[in-house]
Amino acid sequence: MTTVASVWFRPPTADDRFLPEGPRAFGDGVAWVNIQAGADATVGHLHTLSWDGTRHRRYKLPARPGFALPTSRPGVVLTGCDKVVGLFDTAYGEWTPLAAIPDTHPRTIVNDAEMVPGQQAVVFGTKDTSFADPIAHLYLLTPGDNRVSVLADGQTCSNGKVFADGGRTLYDIDTPRKVVTCYRFDLAGRSVQDAGVALDLRHRDDFPDGMCDAGDGTVVIAFYNPNPVAHGTAVRYRLGTGEVLHEWHTPGSPRVTCPLLVRRPDGVKLVLTTAVEGMPADQLARCPNAGCLFVADAAGCEPPPEEVVVV
């Protein structure tokens with residue numbers, strides 16, 4: 001089954017469309033991060049948008065944000081900016097750092113994240129901003145004590161994450177490898193054990209980026225396509241078997257970064273962020289929707305419970 005998604009929101013500036021990622025249900029709408037406001041920018045923004053599309057807000061963050069997760073404090077998100085994880089209060093525009101990652105490499109910054117079921121912890125990754133070397137890591141943060149622990153190393157761009165089995169299993173994408181790795185996750189021991197490849201995507205020309213739980217042992221993966229193609233793609237897979245259950249296309253926007261499944265009054269919807277990052281001018285001219293947010297029907301998918309990080 002293939003569904004063509006429609007443009008839901010067109011960010012108002014070219015900088016806002018550079019690298020949107022990590023959409024999350026937030027208040028009466030959605031929040032996401034624009035990792036950096038342009039190719040040479042050293043800062044990015046948090047964006048929020050109401051479901052009816054009438055209220056868009058942009059908040060400047062102190063560095064390049066990799067993720068923004070809703071917390072138990074209204075209007076406050078947990079976000080990772082460059083090498084620091086902290087809280088950002090949208091009401092007052094205040095940033096409160098909580099913990100830094102134990103990594104001083106000049107090319108690594110915080111990237112994608114996911115909450116451990118039960119709101120006890122957050123797992124996040126880092127990436128090599130040059131997308132070249134396995135210098136990135138997978139980390140665990142426990143907000144109760146603001147402790148950061150290394151779970152795994154040897155990654156290049158740690159992206160989409162999904163938990164299963166009540167938090168005992170973690171699925172993780174290292175984008176350049178084009179595989180979804182399964183880990184046995186031990187929160188008490190602050191460790192993971194590699195359990196092998198859950199999805200092998202090396203046959204594809206594009207790159208797996210963000211990922212979300214779609215219920216019944218399935219996931220939706222957004223694919224970042226650097227090639228000059230007419231549309232981008234997100235795919236629902238069955239973990240373990242690799243069976244393709246559904247595909248969504250984003251016309252005029254090939255670099256799909258992250259998916260979000262939400263239950264709305266008119267059914268389950270899939271929200272997709274897309275990016276302009278790295279697109280040459282001639283390709284950008286043929287991709288009028290690059291950097292937009294898309295929405296599509298996602299009947300049959302089961303969104304995960306909406307959780308918040310307790311802080």
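Reply: Buried means under 20% relative accessible area, exposed over 50%, and partly exposed in between, with a 1.4 Å probe and protein chains only. This is a predicted model, in which local features need pLDDT of at least 70 and side-chain atom pairs count only at pLDDT 80 or more, while totals for chains, interfaces and linings use all residues. Residues are numbered from 1 along each chain as its sequence is written, and side-chain values use heavy atoms, with hydrogens and water left out.

Me: Is C81 buried or exposed?

Reply: The relative accessible area of C81 is 4%. That value lies under the 20% limit, so C81 is buried.

Me: How many disulfides are there?

Reply: A disulfide is a pair of cysteine sulfur atoms within 2.5 Å. The sulfur of C81 is too far for a bond, because the closest cysteine sulfur, in C258, is 16 Å away. C157 is likewise in no disulfide, its nearest cysteine sulfur, that of C258, being 10.0 Å away. By this rule the count is 0.

Me: Where does C292 lie?

Reply: Helices (H or I, at least four residues) and strands (E, at least two) are DSSP runs, numbered from the N terminus. C292 is buried, at a relative accessible area of 0%. Its place is the loop between α1 (281-285) and β25 (293-297).

Me: Which strands are the edge strands of the open sheet of 4 strands?

Reply: Two strands pair if DSSP finds at least two bridges between them. The order is β2-β25-β24-β23, with antiparallel pairing. Pairing on one side only marks the edge strands, β2 (6-9) and β23 (256-264).
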